[in-house]
Amino acid sequence: MCGIVGYIGDKRAYPILIKGLSRLEYRGYDSAGVALLEPGEDIKVYKRQGKVIDLTEFVNGSSTSGTIGIGHTRWATHGLPNDVNAHPHSSGDGKITLVHNGIIENYAILKKELVNRGRVFKSETDTEVLVHLIEDVKSKSGVSLVEAVRIALNRVHGAYAIVVISSDDPNKIIAAKKSSPLVIGMGEDEYYLASDATPIVEYTKNVVYLEDEQIAIIDRHNGLRIISIGNQEVSPYVQELEMQLEELEKGGYEHFMLKEIYEQPHAIKDSFRGRLNAKEGWVSLGGIKDYEEQIAKSDRIIIIACGTSWHAALVAEYYFEDLARIPVEVEYASEFRYRNPIIRKNDVVIAISQSGETADTLAALKMAKEQGATLIGIVNVVGSTISRVTDAGSYTHAGPEIGVASTKAFTTQLVLLAMMALSLGKRRGTITDEKFSLLLNELEALPMKIEKLLESDSYIKGVSAIYKDARNALYLGRGTSFPIALEGALKLKEISYIHAEGYPAAEMKHGPIALIDENMPVFVIATQGENYVKVVSNIQEVKARKGKLIAIVTKGDTTVREMADHVIEIPMSHEFVVPILATIPFQLISYHIAVMRNCNVDQPRNLAKSVTVE
Ligand code: AGP
């Protein structure tokens, strides 16, 4: 949460910072700000409540000179989202300015100490403590800015990625991180800093991912140097970015979310590339190959995740237990990390995360590591923290997902987990050759089937229009369709602000059935398979209470069609891939309803794409 950028070089920093902030706006959009520095001048700070566009309107007409700059787009943790609390924050004398992503947990104690020493605070943020602390250390000890940053960070508890500039040291940018991400782009005599690589990719493909408790000192004349907060020299490890610039544009779609829904056939193909071949009868995940034997022999798999990724974990529980016969436990990372769980050496912990930066997932992984578990990551963002702290892992290869609502990241997580379960099942001998081959073919056919399904979009839009004013909605499914019901409900509430609940269809009569009346839309997954007859009974229970029924059915279904108000057909498929296919209509329904309700689809209120605070 919160996006930070920085630039030092020969160019004007302001346009680079603004473009970078727009790319990072998915991380938070309560307020935005920049600070600009030109040697010999004072630092200029502009900040504003609202989005990056509001900041640019505010700045319009003011001086934006400066070849050094830092910027921030905020998701408020401490203090209201207003102009004063917006970043950057400056020291009392205005000479030091910084931006911060994370939370300073001991800010209250530090603030008290600094106030007692006469420092005057302007904002309610935890961040402001950092800049006063750096100023305090510097003025008291007479040390350099870098040393003051280092000493200050040694006093701080919590998470931070910071970028600091000072008018007394006008040819330097200092950056540091702990638990919040920070990437440094290495150009020709110029450097870019950002929370992720998206603001950097159009300038350079050479990047350094700063590690926890490292400080980067970037000097206009002497280049990049990295030290630890313990003052040890570190050699920068330069990596090459794989990301393409076009992947970050809307490409003619009205919203990123719609683009990302439509990208799913392609994204899934990318997920399969080099990993699955149904004709030759093999599946192989290179990233975890060396650990597969250990996973196959593990006593238990624990899957940790948050939000949509947690829904993918629930589907994986069915996949792994059914196909590989390994016991699985699925946990919310935020609960797992705080409940003193029993983790044994022979447990494998799989973390699922689109961003690879979710604070709770990361902390849960670290805890599992300390207790000796093997860690596997299923991550989308290449080079993200989770991909680096795990022992091994596989990227979903969905490409950058900009819309806050997760779409293609989710379906590629499902295909990756399905491949993993098949591979483990084959290795353990818990799946027959016939079934293995059948399911490989089912997976491989998915991109084509999703293309077909997307052809129903205008029909789905029509159905969505009927329910756009609903105040509540129920989503029902059984088996692997239950997590998809949860995901459908989450998608609707997060972007259209309609209250929605997902339930296992049979659980409905243990409570939620009391809510059903003629105003309640009930979305149900009623595709052919083992649970079909049971779901049909649940549908009858809904109809008996006059609920409005929107059913996802297998193409050609007539039984449910007679009972439902609307049916959305998915191509005939094995139940194994139904969760992936059934997700698509729910994504489209949420999208269309949100657009019809004039909601900000790509940046829903109060949310951020990367939840880097707990
Ligand atoms: C889903 O649409 C949300 N964006 C959210 O629930 C998300 O899945 C969750 O925050 C987890 O994020 P991660 O996959 O990046 O760890």
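This report covers helix packing and strand pairing in a predicted model.

## Basis

The model is predicted: local features need pLDDT of at least 70, side-chain atom pairs count only at pLDDT 80 or more, and totals for chains, interfaces and linings use all residues. Residues are numbered from 1 along each chain as its sequence is written, and side-chain values use heavy atoms, with hydrogens and water left out.

Helices (H or I, at least four residues) and strands (E, at least two) are DSSP runs, numbered from the N terminus. Axes are lines fitted to C-alpha atoms, for helices over the stretch in contact. Angles run from 0 to 180 degrees between N-to-C directions.

## The antiparallel sheet

An open sheet holds 7 strands in the order β5-β6-β7-β8-β12-β13-β14. Their pairing is antiparallel. Two strands pair if DSSP finds at least two bridges between them. β5 (89-90) and β14 (233-234) are the edge strands; each has a single partner, so one side of each lacks a neighbour in the sheet.

Within this sheet, β12 (residues 214-219) and β13 (residues 223-228) pair in the antiparallel sense over 6 bridges. Ile215 stands opposite Ile227 in β13. Helix α4 (residues 127-141) packs on the sheet and touches β5, β6 (96-104) and β7 (158-166). Contact means heavy atoms within 4.5 Å. The direction of α4 makes about 130° with that of β6. Helix α5 (residues 145-153) lies across β6, β7, β8 (172-178), β12 and β13. α5 runs at about 165° to β7.

Strand β21 (residues 374-379) has 6 of its 6 residues buried, so the rest of the structure largely encloses it. Buried means under 20% relative accessible area, exposed over 50%, partly exposed in between (1.4 Å probe, protein chains only). Thr374, Ile376 and Ile378 point one way from β21, while Leu375, Gly377 and Val379 point the other way. In a regular strand the side chains alternate between the two faces of the sheet.

Strand β20 (residues 347-353) runs parallel to β21, joined by 6 bridges. Val349 has Leu375 of β21 as its bridge partner.

## Helix α13 and its partners

The axes of α9 (residues 307-324) and α13 (residues 408-428) come within 9 Å and cross at roughly 20°. That makes the two helices roughly parallel. Angles under 35 degrees count as roughly parallel, over 145 as roughly antiparallel, 65 to 115 as roughly perpendicular and the rest as oblique. The crossing is right-handed. A crossing is right-handed if the near helix is turned clockwise from the far one by less than a right angle, and left-handed if anticlockwise. Among the contact residues are Val315, Tyr319 and Phe320 of α9 and Leu414, Leu417 and Arg428 of α13. By class, this contact has 15 nonpolar, 5 polar and 1 charged residues. Ala, Val, Leu, Ile, Met, Phe, Trp, Tyr, Cys and Pro count as nonpolar, Asp, Glu, Lys and Arg as charged, and the others, Gly among them, as polar.

The axes of α13 and α14 (residues 433-444) come within 11 Å and cross at roughly 165°. This pair is roughly antiparallel. Here the crossing is left-handed. Ala418, Met419, Leu422 and Lys426 of α13 meet Asp433, Phe436, Leu439, Leu440 and Leu443 of α14. The classes are 7 nonpolar, no polar and 2 charged.

## Helices α14 and α15

The axes of α14 and α15 (residues 446-454) come within 5 Å and cross at roughly 45°. The two helices are therefore oblique to each other. Glu442, Leu443 and Glu444 of α14 contact Leu446, Pro447 and Lys449 of α15. These residues divide into 3 nonpolar, no polar and 3 charged.
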